[in-house]
Amino acid sequence: MRPILLKILKRLAVVYLVFLHIALIYFAAEFYYGPLLTFRQIEMANVNAPAVNGTPTDEERSELMIDPTPAYVPTPTPAIADPRPGLMIPVIGVTPDQLIDTYDQDRGEGERRHDAIDIAAPLGTPVIAVADGTIAKFFDSEAGGITLYQLNTAQTLVFYYAHLQRRADGIVEGSFVTKGTVIGYVGDTGNAGPGNYHLHFSIARISDPTRYFEGTYINPYPYLVDPSLVP
C-alpha cells in the first residue's frame, strides 16, 4: 500500500504546483497589464459613443452641455490641406462660384429666416471641416436630420452641419479635427425632402462653448467665397 500512497501523494503535489504556477502567472498579468486593458476599454467605449436623439428641451439642455474634459479620442487626418487663414467650403468639389447666398431667405412659410446657406451636391459627397476645431456634439433631429456641431480653436464660433447622410468613420464627440478633414457626407435627412441632397451650413458666435446651441448667427457666404476673410 505504501508505494501506491506515495504515487498518489506525488500526483497531488504535481497538480498543486501546476495550479500554483497558473495563479502566479494570472496575478502577474493582472498587475502589469491591467492599466492597459482599462485604457483600451475606455477608448473603445468612446469610439462607440451614441448620438443624441430628438430636439432638446429646456430641461434637457444641461445634458447636452459639453464636458470640459472629454475622454481621449483619436485625431483624424485631414483629406485636404489649405494654408489660407479663412474657411474652406465644407463640401468637396464645390467652387465659390457655385455657392448661393440663401442666408436671408424665408423658411417655415415666412415664419423665420434661414440663417444658413444650403450647398447642393450629389448624395454621399464628402463634407469637410471648414476650420480647425473640436467636434462639440452629435445631434439628430426631425428638422436637421443627422447633424454635428464643431467649435473653432478659440471656441468663439460654432459651425453647424446638417442633413448629413451619415457622419464619417472615426469622428466622435471630442475629436479635434483640422481644416479639410472629412467629417460627414451630403444627404437629405431631416426636413430636407427626399432627393434634395444638400448641406445646411451655419455659423454662430458664442460666448460660452459649453452652450454651443446658443449664439448669434452670421452669414457664412462671404467667408466661404473669399478664404482670405476670417470670421
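Me: Where does I218 sit among the secondary-structure elements?

Reply: In this predicted model, I218 belongs to strand β12, which covers residues 216–218.

Me: Is I218 buried or exposed?

Reply: The general idea is to compare the relative accessible area with a cut-off, and buried means under 20%. I218 has a relative accessibility of 13%, so I218 counts as buried.

Me: Which residues does I218 touch, leaving aside those up to four places away in sequence?

Reply: With those sequence neighbours left out, I218 touches Y103, L157, I203, R205, Y223 and P231.

Me: How many residues make up the largest nonpolar core, and which have the most contacts inside it?

Reply: The general idea is that in soluble globular proteins nonpolar side chains tend to be buried together. Here the largest nonpolar core has 35 residues, and those with the most contacts inside it are L87, F159, Y161, I183, F201 and L224. Several elements each supply at least two residues of this core, among them strands β4 (117–120), β6 (133–141), β8 (157–167) and β11 (198–205), as well as helix α3 (221–225). A second, separate core has 10 residues, including A136, Y149, V158 and I206.

Me: What does F201 touch, again without residues up to four places away in sequence?

Reply: F201 touches P90, A116, I117, V130, F159, Y160, Y161, P220 and L224 under that condition. F201 is buried, with a relative accessible area of 0%, and F159, one of the residues it touches, is buried as well, at 1%.

Me: How many aromatic pairs does the structure hold, and why is the pair of F159 and F201 called stacked?

Reply: The structure holds 5 aromatic pairs. The general idea is to take the angle between the ring planes, since planes under 30 degrees apart count as stacked and those over 60 as edge-to-face. The rings of F159 and F201 have their planes at 15° and their centres 6.3 Å apart, so this pair is stacked. The pair links distant parts of the chain, with F159 in strand β8 and F201 in strand β11, 42 residues apart.

Me: What is the geometry of the pair formed by Y212 and F213?

Reply: Y212 and F213 form an edge-to-face pair, with 80° between the planes and 5.1 Å from centre to centre. Y212 is buried, with a relative accessible area of 2%, and Y212 and F213 form one aromatic cluster together with Y149 and Y160.

Methods: Residues numbered from 1 in each chain as written. Predicted model: local features only at pLDDT ≥ 70, side-chain atom pairs only at ≥ 80, totals over all residues. Heavy atoms only, no water. Core = buried A, V, L, I, M, F, W, Y, C linked by side-chain atoms within 4.5 Å. Buried < 20%, exposed > 50% of the residue type's maximum accessible area, 1.4 Å probe, protein only. Helix = DSSP H or I, 4+ residues; strand = E, 2+ residues; numbered from the N terminus. Contact = heavy atoms within 4.5 Å. Phe/Tyr/Trp six-rings, centres within 6.5 Å; stacked < 30°, edge-to-face > 60°.
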